[in-house]
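User: I'd like to go through this model with you, one question at a time. Can you take a look?

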Amino acid sequence: MEVNIVGPKIYYEIPIDIPLLGRPQISETLVVSWIVMLIITLLCIFLTRNLKVSNITKRQAFAEMLVETADKFVIGNMGEKFSYMIPFVAALFATSVLSNLISLIGLRSPTADINTEAAWAIVVFIMITAQKIKSSGFGGYLKGFTQPIPVMTPFNVLSELATPISMACRHFGNILSGVVINALIYGSLALASSALLGLIPGAVGAFLSHVPILAVGLPAVLSVYFDWFSGCMQAFIFCMLTTMYIANAAEG
Amino acid sequence: MGNQDLVTIIPWTFIAQICNLFIQMLLIKKFLFNPIREILAKRKAAADAEIMDATRAKEEAEAIKAEYEANIQNAHDKANEILTSAQKMAQQQSEQIIKDASDEAVALKAKAEADIALEKRKAVNEIKDEIGSIAMEIAGKVIEREICEEDHTKLIDEFIENVGEQA
């Protein structure tokens, strides 16, 4: 038996070569991302139906709680002047959590593709740089690389570039490790059950050995960590780092 | 269709994911944040209005209370005034009555004394007359002749007068 861990499927490739960017392709990552976006948007619409000023429903209370939590998170980490960042951070968190958790229904997480995290990290990196330039000017921003001594410049540039790369790779690595472990667990459990049930003699054993009966139960327990905990944790860490880096950048 | 590599950067996917993130941001803003913020603002406005109303009502109530207290104070003052004046009047009246009564008593006493004096004089006169006639009768019997009462009245009176003075 062989366990294959491969990247997302490519559903369709537009056969036009665009220089530098290659052929536009619709991959599993994109399709599942759209599904995630659809789910989030429908959820938002569902939560904000029939809003009332008083005598509110549980649904509305939940929606208000979500908004207030996002407000508290962003304003608590970044301060009042960054309140325009609230929808961005909320979108980042919601997309990340849902992308991580959608593997529970058998789809491939968009976050198990480095392109997704790289895209987010680049956006955050541009925001960080923009804040730095805004707070200390372009000259000040460049001069910041030569601090405390000019010899440090290459290391400073490296550490600056390491920020988005580490953010992207941390998230990607955690989710991908879940995918890999899941594949390994399912593969090994299938092997184990076929070995166990193959002990039954005759045609019954030959048939039952193809049923991975041991794969019931244990993966669900592991999924509590690899999907639920890791998924929520990584989304939270990514948003936390985003707010922290941007707030720090604004302080100069 | 094949699979892409496990770890690779596909520029189109990368760009699409950036766009997806911003589209998602706009969608969340439009469908979650804006309606909820609107309703929160409405609720805040309603709460503010209610607090304003309550404050105004309280102020009104306090004004009314102050008015009431002033009114009650006025009423108390007036009642005290009325009571004082009534007491004063009653005292004056009682003094008047007592004075009248004592005046009347004095007058009555004076009248009674005058009456008594009159009666006394009357009685004295009657007794004088009686004694005069008795004396005349006795004298008539003594001298056996009729004495003209009119002739000797003056004499008898003089006599009685003298007797009275000596007695």
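User: How far apart are the end C-alpha atoms of α7(A), and what should its 34 residues span?

Analyst: Keep in mind that this is a predicted model. At 1.5 Å a residue, the 34 residues of α7(A) should span 50 Å. That agrees with the distance between its end C-alpha atoms, which is 48 Å.

User: Where is the kink in α7(A) centred?

Analyst: α7(A) has a bend of about 35°.

User: Are α5(A) and α7(A) roughly parallel or antiparallel to each other?

Analyst: Helix α5 (residues 153–197) of chain A and helix α7 (residues 218–251) of chain A have axes that come within 10 Å and cross at roughly 175°. Angles over 145 degrees count as roughly antiparallel. Therefore α5(A) and α7(A) are roughly antiparallel.

User: By class, what residues make the contact of α5(A) with α7(A)?

Analyst: From α5(A) come residues including M167(A), I175(A) and Y186(A), while α7(A) brings F226(A), S230(A) and F238(A), among others. Sorted by class, the contact has 13 nonpolar, 7 polar and 1 charged residues.

User: What covers the buried residues of α7(A)?

Analyst: Among the buried residues of α7(A) are F226(A), D227(A), Q234(A) and F238(A). Their cover includes, from chain A, α2, α3, α4 and α5.

User: Which element gives the most to the side of chain A that touches chain B?

Analyst: The contact takes 43 residues from chain A and 35 residues from chain B. Chain A's side divides into 30 nonpolar, 11 polar and 2 charged residues. The element that gives the most, with 9 residues, is α1(A).

Technical notes: Residues are numbered from 1 along each chain as its sequence is written. Chains are lettered from A and ligands numbered from 1 in the order in which they are written. This is a predicted model: local features need pLDDT of at least 70, side-chain atom pairs count only at pLDDT 80 or more; totals for chains, interfaces and linings use all residues. Two residues are in contact if their C-beta atoms, placed from the backbone, lie within 7 Å. Helices (H or I, at least four residues) and strands (E, at least two) are DSSP runs, numbered from the N terminus. Ala, Val, Leu, Ile, Met, Phe, Trp, Tyr, Cys and Pro count as nonpolar, Asp, Glu, Lys and Arg as charged, and the others, Gly among them, as polar. Axes are lines fitted to C-alpha atoms, for helices over the stretch in contact, and angles run from 0 to 180 degrees between N-to-C directions. Angles under 35 degrees count as roughly parallel, over 145 as roughly antiparallel, 65 to 115 as roughly perpendicular and the rest as oblique. The expected span of a helix is 1.5 Å times one less than its number of residues. The bend at a residue is the angle between axes fitted to the seven residues ending there and the seven starting there. A residue is buried if 20 or more other C-beta atoms lie within 10 Å of its own, exposed if 12 or fewer, and partly exposed in between; C-beta atoms are placed from the backbone.
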